Amino acid sequence: MRRLTPYLLALPGWMWLAIFLVVPMAAMASVSLQTGNAIDGYAMTFSVSNYTDALGRYSTQLVRSLLYGGMATVAMLAIGYPVAYWIAFKGGRRKSVYLFLLLLPFFVSFVLRTISWNFLLADNGILFGTLKGWGLLPADFHVLATTFAVVGGLTYNWLPFMILPIYVALERVDPRVVEAAQDLYATRAAAFRRVVLPLSLPGVFAGVLMTFVPATADPVNAAILGGTANTMIGNIIQTEYLTNLDYPTASALSFTLMAVLLVGIFVYARVLGTENVLEAAAR
Amino acid sequence: MNPRPPLPRHGLPRREAFRLAGLSAAGLALAACGVQGQKAAPPKADEVQDFWSKQTKHGKVVFANWPEYMPEDKGPLEKFAKDTGISYEYKEVIQENADFFGKADPVLRAGQPLGYDVVVMTNGIQLQHMIELGYCVPLDHSKLPNFAANAGQKYKERAYDPGNKYTVPYSSGVTGIAYNTKYVKDDITSIQSLFDPKYKGRVGMMADAQEIGNFGMFALGIDPEKSTEADWKKAGEKLKEQRDNGLVRKYYDQSYIDAVAKGDIWLSMAWSGDVFQRQLAGEPVAFVVPEEGGTIWTDNMLIPKGAANPLDALMLMDYLYQPAVAAELDEFIQFVTPVPAVQDLLREKAKTAKGEDKKALEQMADSPLMFPTEADYARLRGYTPLDNKQQQVFNPIFQSVTQA
């Protein structure tokens, strides 16, 4: 019995995954190869052309999504790393307060937070209206409905998911290791580059994983903050699924996106040079 | 305890990957049977009679509607409960037709009840699907005397549901142009203003394929109700040109009204009731039905298949067609009521009202947005009627404009 206990304890988790992850995924894989329409029904025809058609029509939006996801991830890394570093090494006794402050906005719904950008960044709103009033900005300056707004929104919405894993990794770096490096005549920059940074890479990896994937697939920021040429693949999938009831195309696009993201992440893991990075991230 | 297996050093070991692949293949086989089609044959008349003759009053009804579509005190529903002894549950669960249909479809497809007895949906693709898929209970008009007596002729002759077989209108609205009077000094009368380079980057268009499609056709002098595939393509080109010349700021959902009111955009395709509510709030917005034409749409009440209390639902639908009840409802929602007698009732009420109330009531009774004149109606067109095949052509033409 004792030997079985861990398996029994893990059983609900596995059942959960099997029922709510594997089955829907399999169903989606099946639908992505069917043809038909919502009224007459769909039949399995193993039509791989669903994939080629969907890609042909929406490659622009797919590439754009990867680009926006990438840009947002780089921005998050640039903003998030110093913040995580500062909290981990300079936060002192108030670390938990800072972390709490970081998470505070996330008690508000994701969509509402994004809509509040519409209010803040309105052409004649509290920020730009004032600046325009002072003559600091041209009258037709605007941020909403631009690429910058969409990438900015993505960056804002997932920033804590970048900061937290990096913080956790840096938190574990023993300050004495840095001292040791300096005792061995490493400059502060060299100590960071050769000691702290490598030790924090698993955190960076986890952070990138947790932000790049959802940011790339997100339909909300493009819909609320974007303009006429900012449509992302998430918006297309939503339209195909809910408006056009074209379940095969929506499923094929979802799978394509998933495949591209998976390949991207494995390539990224290799490039980063941490061979056991998944293991490290899971630690 | 079992010894822990060594962690893989290079991603998933091959064995593991194969096992995963096997699992998904099994799932695939499970799911490969496909999704059943449900196209329903039209019901026979005696079947309908048979169904209704078996129904009895249950004393309760569940009404699923859109937000801000019923006075806050639920006046009309309270009166209904008092007069008929039927208790009601009112749920504001419908935010968007596509979204609602997307959620309802799997439930109804599986033959399960939705849990609502009355549902409100706009005429359009999703309502058409509801009817085609047999998701609506055919109505018994012998139990709709108020509808017969009080509904305007236009609301009895609707191309999307001839003879009101499945639906009766809840209220209507007009899609026209709204503009911010602080920034737009010209009198906007024509749809061409939406294509005027003067307003570059300040024009809002709607993301909905039917809405924007109609406006593209109006701009070219095409009647959407009689349009063909070639017309749709021409309209698509026209709208693409408008986009590529940088005129359009964004393709909006409901959020357009905020953008116009704040001045992010100066003029936009708009729904009448939204603008009227903003005007009463004192915001600088105006609404016109362009001379080339505007779109009239109708939100409709229907009884979804499997509803628990169909007779109570039918009684509620009919009750809302009493002029006094319709007037109370329309005074709050300020769209176009299907009951023309409401206009006189509001005028009468204005006579005895005082101050602000009097002014508001008079404004409503005279508003072309709530009571379009015959000349207004003459310029109004419905959505392009599309069958399932045509939708698969129509939608991509306009979605390739709005979702580039």
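**Entry 1: a span in chain A**

I looked up residues 141-170 of chain A, where the end C-alpha atoms lie 41 Å apart and the span is 80% helix and 0% strand. Helices here are DSSP runs of H or I with at least four residues, strands are runs of E with at least two, and both are numbered from the N terminus. The model is predicted: local features need pLDDT of at least 70, side-chain atom pairs count only at pLDDT 80 or more, and totals for chains, interfaces and linings use all residues. Residues are numbered from 1 along each chain as its sequence is written, and chains are lettered from A and ligands numbered from 1 in the order in which they are written.

I took the span from UniProt, whose unreviewed entry places "transmembrane region" at residues 7-27, 66-87, 99-121, 141-170, 191-213 and 250-269 of chain A. Its positions are given in the numbering used here, feature names are shortened, and annotations may be inferred rather than shown by experiment. I also checked residues 66-87 of chain A: the span is 100% helix and 0% strand, with its end C-alpha atoms 30 Å apart.

**Entry 2: chain A overall**

I found 12 helices and 2 strands in chain A. From the N terminus on, the order is α-β-β-α-α-α-α-α-α-α-α-α-α-α. The C-alpha trace of chain A spans about 75 × 75 × 35 Å along its principal axes. Of its 283 residues, 36% count as buried (20 or more other C-beta atoms within 10 Å of a residue's own, with C-beta atoms placed from the backbone). Among contacts in chain A with a separation of 6 or more, 69% come from residues 24 or more positions apart; a contact needs C-beta atoms, placed from the backbone, within 7 Å.

**Entry 3: α2 and α11 of chain A**

I looked at helix α2 (residues 49-90) and helix α11 (residues 247-272) of chain A, whose axes come within 10 Å and cross at roughly 50°. The angle makes α2(A) oblique to α11(A). Angles under 35 degrees count as roughly parallel, over 145 as roughly antiparallel, 65 to 115 as roughly perpendicular and the rest as oblique. Axes are lines fitted to C-alpha atoms, for helices over the stretch in contact, and angles run from 0 to 180 degrees between N-to-C directions.

From α2(A), the residues in contact include Tyr51(A), Leu55(A), Tyr58(A) and Leu62(A); from α11(A), they include Pro248(A), Leu253(A) and Val260(A). The contact of α2(A) with α11(A) has 11 nonpolar, 3 polar and no charged residues. Nonpolar means Ala, Val, Leu, Ile, Met, Phe, Trp, Tyr, Cys and Pro, charged means Asp, Glu, Lys and Arg, and the others, Gly among them, are polar.

**Entry 4: helices of chain B**

I found 8 of the 10 residues of helix α11 (residues 310-319) of chain B buried. Among them are Leu311(B), Asp312(B), Leu314(B) and Met317(B). Their cover includes β1 (60-65), α3 (75-84) and β9 (294-302) of chain B.

Helix α12 (residues 323-333) and helix α13 (residues 342-352) of chain B pack at about 75°, with their axes 9 Å apart. That makes α12(B) roughly perpendicular to α13(B). Residues that meet include Ala327(B) and Asp330(B) in α12(B) and Leu345(B) in α13(B). This contact has 7 nonpolar, no polar and 2 charged residues.

The axes of α13(B) and helix α14 (residues 355-366) of chain B come within 9 Å and cross at roughly 160°. The two are therefore roughly antiparallel to each other. Arg347(B) in α13(B) and Glu362(B) in α14(B) are among the residues of the contact, which divide into 5 nonpolar, 1 polar and 4 charged.

Technical notes:
Contact = placed C-beta atoms within 7 Å. Buried ≥ 20, exposed ≤ 12 C-beta atoms within 10 Å, placed from the backbone.
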